[in-house]
Amino acid sequence: MVAARAGVSTATVSLVANGKTHGRVSADNISRVNRAIAELGYVVDSVGSSLAKGVSSIVVLVAPDISNPFFAKVVAGVRESLGADFQLLLSVTEAGEFPRAADIRRLLALRPAGLLVDAPDADFLEDLSTTGPMVLLDAPGLEAYAPSVNLDVAHGARELAAHLAATGHRHVAYMDSVTGTATFTIRRTAFLEEAAGRGMTVDPAHLISTTIDVGASADAFTAAWPQWQQAGVTAVVCATDTQAYGALQQARVAGARIPDDLAVAGFDDLPYSASSNPGLTSVHLPATRLGLKAGEQLRRLIEGHDLEQPQLILESSLIVRGSTERTAAS
């Protein structure tokens, strides 16, 4: 119908509809086909197209709890790397839950061009056992399953511990995430080990966990602060900036001076952390670059290329701001 209205062949319509006109279709015919498409309300049948080609233009990104703003930047990086040639489909799990292979296998019926899997566990990957192009994000220890792009969160965690020790802190609390992914285990373990080596104490009673939510972390801080204060806690490290915002908010409500009475730090270095009052000290994790590199790796696999570096590691770094800047004597 489009071809008849535009006065061209169906092959020409196909080239225009799929964006493959360069050097093959005249500007006049492109204009006529686009006008006919608009008049008829024609939409390319992507399912039918995938059946014909054996694969679709869909890329599935499997991610845990995207309520964490960090993931918005990861998704932006993935989108930039994939460009207009692919459609990105998000498969999201509930907070604190790993993805289920059965759910992803249902999506494989769409014949995706490839999979991006963020923070999986080994059981999921064993159960999924896909043979198509796949790249893992932020999945330390699982490099044997697929090409991966990981973050060196341990380096930043150790830098943070060294910074707090250098500014005179001896008793520290830690607010973890209930999300049971390896990245949170690594950042917590690295911080605690470095803190102990530098003479700081993190009492097990001063280690709490919340969802990655400002309200939840604010409530948890309010409940814990009287005990922390009595025990001489002078700093709290949060597993994410989002949780640190809640701690900062309630610390001020409780009358604590930041950073003189209590230093607060987080991980992720979200945009708001630079402009909060005071600015939040945070371990910078390159979220956009994480998505960008993972998308680039997957695209190369989809296009049939070998990867020069199947395993990539992106550096983390400590950004010191007003929420922890104090002298050793204070």
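In this tour, a residue is buried if its relative accessible area is under 20%, exposed if over 50%, and partly exposed in between, using a 1.4 Å probe and protein chains only. Helices (H or I, at least four residues) and strands (E, at least two) are DSSP runs, numbered from the N terminus. The structure is a predicted model, in which local features need pLDDT of at least 70 and side-chain atom pairs count only at pLDDT 80 or more, while totals for chains, interfaces and linings use all residues. Residues are numbered from 1 along each chain as its sequence is written, and side-chain values use heavy atoms, with hydrogens and water left out.

**The whole protein**

Start with everything shown. The C-alpha atoms fill a box of roughly 80 × 40 × 30 Å along the principal axes. The secondary structure comes to 12 helices and 12 strands. Of the 330 residues, 48% are buried. Contact here means heavy atoms within 4.5 Å. Among contacts with a separation of 6 or more, 72% are between residues 24 or more positions apart.

Strands of a sheet pair through backbone hydrogen bonds, either parallel or antiparallel. Two strands count as paired if DSSP finds at least two bridges between them.

Select strand S1 (58-64) and the strands in its sheet. This open sheet has 6 strands in the order S2-S1-S3-S4-S5-S11, with parallel pairing. Its edge strands are S2 (87-93) and S11 (311-315), each pairing on one side only. From one strand to the next, the twist averages 20°; angles run from 0 to 180 degrees between N-to-C directions, and axes are lines fitted to C-alpha atoms, for helices over the stretch in contact.

Zoom in on S1 and S2, which run parallel and are joined by 7 bridges. Val 62 has Ser 91 in S2 as its bridge partner.

Next, select strand S6 (172-177) and the strands in its sheet. This is an open sheet of 6 strands, ordered S7-S6-S8-S9-S10-S12, with mixed pairing. Strands S7 (207-210) and S12 (317-319) stand at the edges with a single partner strand each, so one side of each is left without a neighbour in the sheet. The average twist from one strand to the next is 20°.

How many residues of S6 are buried? The count is 6 of 6, so to speak a mostly covered strand. Val 172, Tyr 174 and Asp 176 point one way from S6, while Ala 173, Met 175 and Ser 177 point the other way.

Two partners of S6 can be shown in turn. S6 pairs with S7 in the parallel sense over 4 bridges, and Ser 177 stands opposite Thr 210 in S7. S6 and S8 also run parallel, joined by 4 bridges, with Met 175 having Cys 238 in S8 as its bridge partner.

Move on to S8 (residues 235-238) and S9 (residues 263-268), which run parallel and are joined by 3 bridges. Ala 235 stands opposite Ala 263 in S9. Helix H10 (residues 214-230) lies across S6, S7 and S8, running at about 165° to S7. Helix H11 (residues 241-253) packs on the sheet, touching S6, S7, S8, S9 and S10 (281-284), and its direction makes about 160° with that of S9.

**Thr 167**

Select Thr 167, in the loop between helix H8 (153-166) and S6. Is Thr 167 buried or exposed? Thr 167 is buried, with a relative accessible area of 8%.

**The cavities**

On a 1 Å grid over the protein atoms alone, a cavity is a set of points where a 1.4 Å probe fits but cannot get out, and lining residues have an atom within 4 Å of a point. A volume is the space filled by probe spheres set on the points, with grid points joined across faces, edges and corners. The whole structure has 2 cavities of 30 Å³ or more.

The largest cavity holds about 130 Å³ of space. Select Asn 68, Phe 71, Asp 138, Thr 183 and Phe 184, which lie nearest its centre among 18 lining residues. H9 (182-197) and H5 (70-82) each supply at least two lining residues.

Technical notes: 1 Å grid on protein atoms, 1.4 Å probe; cavity = no way out; pocket = protein on both sides within 12 Å on 5 of 7 lines; lining within 4 Å.
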